[in-house]
Amino acid sequence: SLSVAPHYYVTIEVDMTNAKLLREKLPFKLSFNDIVLYATVRAIREFPAVNVQWGGDCIIQMPDINLGVAVALPQGLIVPVIKKAQELSLEGISKKAKELIQKAQNNKLLPDDYTGNTFTVSNLGPYGVDHFTAIINQPDSAILAVGQIKDRPVVIDGGIYIRPIMKITMSCDHRVIDGALAGQFMGKLKEILEKADFI
């Protein structure tokens with residue numbers, strides 16, 4: 001998509017302290033990627049203008065949030081899709097993501113499982129990657145690139161503290177999403193992740 005969509009990139013740093021506490025409170029197993037997926041859906045619901053596609057001479061607003069989850073396989077990358085993610089709870093998104101990832105790893109995905117995406121998340125954190133930029137998975141207009149959670153020194157009210165920080169970068173199609181919208185969306189995503197108020 002780099003050859004047709006003018007990409008630009010917006011990066012934020014997120015304090016994942018409350019997200020780590022959330023995982024300890026819940027009665028079901030939850031990955032940090034599940035938390036990012038759920039938070040992304042919540043942010044998109046507040047900024048639906050990022051859940052769009054380029055129609056050649058117009059912008060098409062997508063009615064559902066069909067969340068692509070990039071999965072690395074020995075034979076290459078595939079993106080199974082959580083359909084109508086806006087209707088799922090945190091636990092529901094977690095279960096669906098695990099199911100699709102397992103199907104991908106066992107080469108059991110059906111065509112409907114990896115088509116219809118409207119927004120994609122790619123997470124290289126488990127591989128020890130701090131920060132990267134991703135190429136938009138068309139027909140989406142944006143993709144989130146998620147790095148690892150790493151203890152870093154941060155300044156809070158003049159004091160230096162060690163906090164678990166995660167870097168997230170959104171690649172955007174400038175034909176469809178302008179910088180102000182991307183900044184507002186990423187600000188909301190940061191707020192949702194840092195509060196981690198999902199119970």
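Analyst: What follows is about helix packing. This is a predicted model, where local features need pLDDT of at least 70, side-chain atom pairs count only at pLDDT 80 or more, and totals for chains, interfaces and linings use all residues. Residues are numbered from 1 along each chain as its sequence is written, and side-chain values use heavy atoms, without hydrogens and water.

User: OK, at what angle do H2 and H4 cross?
Analyst: Roughly 135 degrees, and the axes of H2 (residues 32-46) and H4 (residues 179-195) come within 9 Å. Helices are DSSP runs (H or I, at least four residues) numbered from the N terminus; axes are fitted to C-alpha atoms over the stretch in contact, with angles from 0 to 180 degrees between N-to-C directions.

User: Which residues of H2 and H4 make the contact?
Analyst: On H2, Ile35, Val36, Ala39, Thr40, Arg42, Ala43, Ile44 and Glu46. H4 brings Phe185, Lys188, Leu189, Ile192 and Leu193. Contact means heavy atoms within 4.5 Å.

User: And by class?
Analyst: Nine are nonpolar, one is polar and three are charged. Ala, Val, Leu, Ile, Met, Phe, Trp, Tyr, Cys and Pro count as nonpolar, Asp, Glu, Lys and Arg as charged, and the others, Gly among them, as polar.

User: Switching to H3, how far apart are the axes of H2 and H3?
Analyst: They are 9 Å apart, and the helices pack at about 120 degrees. H2 and H3 are therefore oblique to each other.

User: Which residues meet there?
Analyst: Asp34, Ile35, Leu37, Tyr38 and Val41 of H2 meet Leu90, Ile93, Ser94, Ala97 and Lys98 of H3. Seven of these residues are nonpolar, one is polar and two are charged.

Methods
Helices (H or I, at least four residues) and strands (E, at least two) are DSSP runs, numbered from the N terminus. Angles under 35 degrees count as roughly parallel, over 145 as roughly antiparallel, 65 to 115 as roughly perpendicular and the rest as oblique.
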